[in-house]
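Please look through the structure below with the sequence at hand.

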Amino acid sequence: MDKNVIHLGVAGFGTVGTGLLKLLSANKDWIYRRLGKKVEVKTILVKDIYKKREFLPPKGIKFTDNMHDIIDDPEIDIVVELIGGTTIARELIKKAILAKKHVVTANKAILAENGRELFELASIQNTALYFEASVGGGIPIIQTLKENISGNKIKSLTGILNGTANFILTKMSQEKLTFENALKIAQEKGFAEADPTLDIEGIDAAHKLIILIMLAYGQNYPINKLTIEGISSIDPYDIQMAKEFGYNIKLIGQVKERSGYLQAGIFPALVPNKHMLAKIDGPFNAILLEGNGVGPIMLYGQGAGDLPTGSAVLSDIMAIVRTTTYNNTGFSNDLIEEAKILEDRYTSYCHYFRFQVEDRPGVLAILAGIMGERNISIAQVVQRQNSQNKYVPVVFLTHKAQLKNVKDAIEEIDKLSFVHPGTKHYRILT
Ligand SMILES: NC(=O)c1ccc[n+]([C@@H]2O[C@H](COP(=O)([O-])OP(=O)(O)OC[C@H]3O[C@@H](n4cnc5c(N)ncnc54)[C@H](OP(=O)(O)O)[C@@H]3O)[C@@H](O)[C@H]2O)c1
């Protein structure tokens, strides 16, 4: 790639595609100064070429709805996939790699589900398949793991990986809103899609965690083996109770390495107020890493949006222009092993429980007894009086206990005649 102009084919001209084009135009001279080459978009692939667009790219760029106008164009060096989803995007990426073109994508879903296949193909073809924008939007987490701290063994990685979920939880916490009302505000402000399922059920965060695990450990962690809990059933009562105990509830993505096994999941957790992740509010993302050399590092920034995400896409394009051999994952020959998984139910955390019980003598002792039988030791108990309802809330905070024992205890307790089933349970981050 020694020509003076690098030609891009950009597939997708929505939020991220527009952000990329804006940056390419605003920072044109700066990019030339850094690369000694011009970076120009030749063709843009969209679904509807007649759609009215708020931002128009510079004149001379061809709009098409046929991906072959990009893939079969010998002048196009880099294909930028910003369509999303796992169907058209997968076809486009595969065809582009087979045509020996370099690929930049922001698509976490496709990498979490088809990453191994695509990286293998790119490695055979010796093409770049770069993906900085796929996790954390503008936060440079991919390059950090691949290059900057690649000599470290990663002990743990804990993050707030979904801005929509974090925005909703922040609103629920600060304004005492219900989940439904906070979601409505997120949708009005453009932080949540009309169909918010991927964000609120933890699936988007799961896609990102799978990618981070691959980069941190060189292992393929199948998404169907990952524990994924979302935020849609979080009750404002528990957010306020958690606050009283000195915690914020956050949707956490976490992986820890324990004697060669990986323990990973997406789950809402009580985060102590003094913990750095407790302070990440609104639509922001943050990732806290612990390397065995560097110690803790936290990266914080805008996890979405046109310019932040466009900035990450642009950094990949510039990295490709600078490089001549391509290592996409930071592991030799892009070899990603199957993950050795420590099943979630055998892992230990501290826990928060909220039981709804009839207010009569002996109830607390029975609950404590059932927990004690399963080695769940109690740290704090709070019971609130409420003469209006038949049931009163009782909150238990526990010391470390295995998730399996916790689930068994909840199952038994929810069957008791004086307990209203549907006990709320969260892990506490320590
Ligand atoms: N939005 C963010 O802040 C953000 C952050 C990080 C990562 N990402 C990732 O970036 C990618 C793009 O997201 P986005 O928010 O920019 O999406 P978007 O606003 O919905 O834009 C999608 C674009 O893809 C085009 N498209 C859809 N189906 C197509 C098809 N069958 N053939 C050709 N073009 C098609 C659309 O064309 P029309 O314009 O004609 O409809 C549109 O231009 C996704 O993988 C997403 O997960 C997004």
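**A helix crossing, a ligand shell and a sheet**

The axes of helix α1 (residues 15-26) and helix α12 (residues 306-322) come within 7 Å and cross at roughly 70°, where axes are lines fitted to C-alpha atoms, for helices over the stretch in contact, and angles run from 0 to 180 degrees between N-to-C directions. This is a predicted model, in which local features need pLDDT of at least 70 and side-chain atom pairs count only at pLDDT 80 or more, while totals for chains, interfaces and linings use all residues. Residues are numbered from 1 along each chain as its sequence is written. Helices (H or I, at least four residues) and strands (E, at least two) are DSSP runs, numbered from the N terminus.

Because of that angle, α1 and α12 are roughly perpendicular to each other (65 to 115 degrees). In the contact, T15, V16, T18, G19, L20, K22, L23 and L24 of α1 meet D306, L307, T309, G310, S311, V313 and L314 of α12, contact being counted when C-beta atoms, placed from the backbone, lie within 7 Å.

In total 23 residues surround the ligand, and the closest are G12, G14, G84, A106 and A304; a residue is near if its C-beta atom, placed from the backbone, lies within 6 Å.

Elsewhere, 6 strands form an open sheet with parallel pairing, in the order β3-β2-β1-β4-β5-β6, two strands being paired if DSSP finds at least two bridges between them. The edge strands, β3 (62-64) and β6 (129-130), each pair on one side only. Within the sheet, β4 (residues 78-81) and β5 (residues 102-105) run parallel and are joined by 4 bridges, with H102 in β5 as the bridge partner of I78.

How values were computed
Angles under 35 degrees count as roughly parallel, over 145 as roughly antiparallel, 65 to 115 as roughly perpendicular and the rest as oblique. Two residues are in contact if their C-beta atoms, placed from the backbone, lie within 7 Å.
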